[in-house]
Amino acid sequence: MNILAIGDVVGVPGCEYLRRRLPTIKKINKVDFCIVNGENSAAGNGITPQSADYLFESGVDVITTGNHCYRRREIYDRLDSDRNIIRPYNYYPSNPGKGFTVADMGSVKIGIINLSGNAFMEGSNPFVAADEVLKQLDDCRIVLCDFHAEATGEKRALGFYLDGRISALFGTHTHVQTADEQILPGGTGYITDLGMVGVVQSVLGVEPQNVITKLKTGMPARFENNEGECMLNACLFEIDKSSGKTTAVERINIRG
């Protein structure tokens, strides 16, 4: 089974570029299932019902999120009602949404987990949370985890902690694709960060001067999505349906 995981989609440019590129990527790579991090898919940041629908209509099966998932209040009800949009499991249980979902593909069930890191982020201990949520996915032969985290070391550590217990772990949040795609010793596919779908000449998809002003002056600045040539960062995991283990990993980086 070929599973495509795509990095944080940033703003309108990212959404539009994803729509243009995704059908061809799925066809060429014979993709069976597609996951995208959509927490920055709305203009500016956050996710709205409109940006979520745009991603689904573009060919996405499940949307994961992260620390910006509650930026837009209009998404709250949708987080509660739509099983295909998930937020980090290790947020407060009282928060809108849920931290995992299950996709029944007929021949196999796929469990998708969303976790948040602790370093420079919010959320309870992701290692403890992972143990807890896995107990609820016993009937899923394939289990995937989007670990939305800042620190490389934390992502690597969770990857090894879950090695052999899940099919693949992919990091999101930094918007910078890492070149360490691999299969861990226990058969878990891994990449520290998928990267993003957004404008190449930007600061993580944002107009550079907005970020420079904030960092230089220490004053609030309105972040706006930059325009121009875009890129799409993703990772393709080939997973054996019988064992649930990853048999091949391919990093994808498309520009222009």
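V60 counts as buried because its relative accessibility is 5%, where buried means under 20% relative accessible area, exposed over 50% and partly exposed in between (1.4 Å probe, protein chains only). The model is predicted: local features need pLDDT of at least 70, side-chain atom pairs count only at pLDDT 80 or more, and totals for chains, interfaces and linings use all residues. Residues are numbered from 1 along each chain as its sequence is written, and side-chain values use heavy atoms, without hydrogens and water.

V60 is located in the loop between α2 (49–57) and β4 (62–64); helices (H or I, at least four residues) and strands (E, at least two) are DSSP runs numbered from the N terminus. Beyond residues up to four places away in sequence, V60 touches L18, L22, C34, V36 and L55, contact being heavy atoms within 4.5 Å.

Helix α1 (residues 11–28) comprises 18 residues and spans 26 Å from first to last C-alpha, close to the 26 Å expected at 1.5 Å a residue; the expected span is 1.5 Å times one less than the number of residues. A kink of about 40° occurs at R21, shortly before the proline P23, the bend being the angle between axes fitted to the seven residues ending there and the seven starting there. After α1 comes K30, with a positive phi near 50°.

Strands β8 (residues 168–172) and β10 (residues 189–191) run parallel and are joined by three bridges, with F170 opposite I191 in β10.

F147 lies in strand β7 and is buried, at 0% relative accessible area. Its contacts beyond four places in sequence include L115, P126, L158 and F170.

Two C-alpha separations are tabulated below.

| Pair | Separation in sequence | C-alpha to C-alpha distance |
|---|---|---|
| V60 and P23 | 37 residues | 9.9 Å |
| F147 and D104 | 43 residues | 22 Å |

Conventions. Two strands pair if DSSP finds at least two bridges between them.
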